[in-house]
Amino acid sequence: MTDVVCAVIEDPQGRFLACLRPQGKHLGGFWEFPGGKIDPGESPQAALTRELYEELEIHATIGPPLDPVIWSYGGTKIRLMPFRCAIASGEPRAIEHERLLWCPPEQLGTLPWAAADLPILRQLAASQEINAKLTS
């Protein structure tokens with residue numbers, strides 16, 4: 001199983017950062033929360049700090065974790081570990097993604113999300129932070 005981290009980044013206006021995976025890559029054309037694989041010997045928080053700088057050129061405050069998601073994409077099984085985050089410095093840039101979108105909570109469910117991210121959206125909805133119809 002591959003351990004992966006992602007950041008649920010909320011701005012002061014209550015919008016969430018969604019990142020569009022580039023066409024031609026695995027899951028291209030789907031939206032995701034930013035993050036990536038944990039390197040050997042790296043803590044989830046350190047991996048997320050590194051990934052957010054590599055993908056978005058931001059420094060973030062890593063907050064509390066949400067429930068992990070176990071997901072299989074074909075023959076690859078991942079454990080996705082989401083964390084609540086806030087931008088400490090920098091302005092997000094789409095370095096690894098096709099596009100970035102600050103999405104109001106009520107619009108999150110209108111985007112085509114990568115399947116492993118849907119349970120994270122449901123967690124946010126269950127905590128009544130988003131009010132969107134989510135389908136799998």
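In this predicted model, the largest pocket has a volume of about 640 Å³. Its lining comprises 26 residues, and those closest to the pocket centre are Val4, Arg21, Glu32, Gly36 and Lys37. The most comes from β1, which gives four residues. By residue class, the lining of the largest pocket divides into eleven nonpolar, six polar and nine charged residues.

The other feature to report is aromatic. A pair of aromatic rings is described by the distance of the centres and the angle of the planes. The structure holds one aromatic pair. Phenylalanine 33 and tryptophan 113 form this pair, with 4.8 Å from centre to centre and 35° between the planes, and the arrangement is tilted. An angle under 30 degrees would count as stacked and one over 60 as edge-to-face, so 35° falls in the tilted class.

Phenylalanine 33 sits in the loop between β3 (31–32) and β4 (35–37), while tryptophan 113 sits in the loop between β8 (99–103) and α2 (118–126); the pair therefore ties together parts that are 80 residues apart in sequence.

| Residue | Relative accessible area | Class |
|---|---|---|
| Phenylalanine 33 | 2% | buried |
| Tryptophan 113 | 5% | buried |

Buried means under 20% relative accessible area, so phenylalanine 33 at 2% qualifies, and so does tryptophan 113 at 5%.

Definitions and conventions:
Residues numbered from 1 in each chain as written. Predicted model: local features only at pLDDT ≥ 70, side-chain atom pairs only at ≥ 80, totals over all residues. Heavy atoms only, no water. Phe/Tyr/Trp six-rings, centres within 6.5 Å; stacked < 30°, edge-to-face > 60°. Helix = DSSP H or I, 4+ residues; strand = E, 2+ residues; numbered from the N terminus. Buried < 20%, exposed > 50% of the residue type's maximum accessible area, 1.4 Å probe, protein only. 1 Å grid on protein atoms, 1.4 Å probe; cavity = no way out; pocket = protein on both sides within 12 Å on 5 of 7 lines; lining within 4 Å. Points joined across faces, edges and corners; volume = space filled by probe spheres on them. Nonpolar A, V, L, I, M, F, W, Y, C, P; charged D, E, K, R; others polar.
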